Amino acid sequence: MKWHLLLSLTLLIFAACSKKTDKEVMAKAIEAHKQDNFDEALEIYKEVVDEYPASPSVPEALYAMGNIEHDRKKNSKRAVELFRKLVSSFPDHATASNALFLTGFIYNNELKNYDSAKVAYEEFIRLYPKDHLVNDAKFELEHLGMDPAEIIKDKIERDVKANPR
């Protein structure tokens, strides 16, 4: 009985000591991402988010997951979910403004959800008024739902009005 208790206690201590740190797990995720192992990277980034919720690496993990879902998996809805979670949980993180801008961009240009795009862009301008993408967000707001040909035509018309010959 004592031997069994001692063995259990030893295994418990070994398991506790062998758990990787958040930095080690994040480094593994980044390495998988760099190697274009996107499924593995998503899984490991998710581990950072789920197993280390207080880690300073969580916002970067959410941002990376959103980019993989959008760029590599072509899963725009999931990307928006991840970017939204980042912005709502970590609004002051360096990646939050880009995540919110991308949310508006995806809603407008891919999901064709213009109401949600408008909300995202307006929130972006309100939360990050000095961000380098503010003028881009304003441009997107002015051209919600327009296809590129319409945008070019609109630009030409504005330029002609502004610079009559």
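Is Lys46 buried, partly exposed or exposed? I looked this up first, bearing in mind that the model is a predicted one, and found Lys46 to be partly exposed, because its relative accessibility is 42%.

**Salt bridges**

I then followed the side chain of Lys46 to its partner and noted a salt bridge with Asp50, in which the closest N and O atoms are 2.4 Å apart. Both residues sit in helix 3, and because they are 4 residues apart there, about one helical turn separates them. Asp50 also counts as partly exposed, since its relative accessibility is 41%.

I recorded Lys73 as partly exposed, with a relative accessible area of 36%.

In the other, Glu123 pairs with Arg84, and the closest N and O atoms are 2.8 Å apart. Arg84 is partly exposed, at a relative accessible area of 25%.

**Backbone in two loops**

Which residues other than glycine did I find with a positive phi? One is Asp36, with a phi of about 60 degrees, in the loop between helix 2 (22–34) and helix 3 (38–51); another is Lys74, with a phi near 55 degrees, in the loop between helix 4 (58–72) and helix 5 (76–89). I noted these because most residues other than glycine have a negative phi. Asp36 is partly exposed at 49% relative accessibility, whereas Lys74 is exposed at 64%.

**Largest pocket**

I found about 160 Å³ of space in the largest pocket. Helix 6 (96–109), helix 8 (134–142) and helix 9 each give two or more residues to the lining of this pocket. Among the lining residues are Asn108, Asn109, Phe139, Glu140, Pro148 and Ile151, and the whole lining divides into 5 nonpolar, 4 polar and 3 charged residues.

**Surface patch**

Last, I looked at a nonpolar patch on the surface, formed by Ile152, Ile156 and Val160, which together have about 290 Å² of accessible area. Ile152 lies in helix 9 (residues 148–162) and counts as exposed, because its relative accessibility of 53% is over the 50% cut-off.

Note on methods:
Residues are numbered from 1 along each chain as its sequence is written. This is a predicted model: local features need pLDDT of at least 70, side-chain atom pairs count only at pLDDT 80 or more; totals for chains, interfaces and linings use all residues. Side-chain values use heavy atoms; hydrogens and water are left out. Patches are made of residues with over 30% relative accessible area and no salt bridge: like charges are joined within 9 Å, nonpolar side chains (Val, Leu, Ile, Met, Phe, Trp, Tyr) within 5 Å. Accessible areas come from the Shrake-Rupley method with a 1.4 Å probe; for residues, only the protein chains shown count as cover. A salt bridge is a side-chain nitrogen of Lys or Arg within 4 Å of a carboxyl oxygen of Asp or Glu. Buried means under 20% relative accessible area, exposed over 50%, partly exposed in between (1.4 Å probe, protein chains only). On a 1 Å grid over the protein atoms alone, a cavity is a set of points where a 1.4 Å probe fits but cannot get out, and a pocket is an open set with protein on both sides within 12 Å along at least five of seven lines; lining residues have an atom within 4 Å of a point. Grid points are joined across faces, edges and corners, and a volume is the space filled by probe spheres set on the points. Ala, Val, Leu, Ile, Met, Phe, Trp, Tyr, Cys and Pro count as nonpolar, Asp, Glu, Lys and Arg as charged, and the others, Gly among them, as polar.
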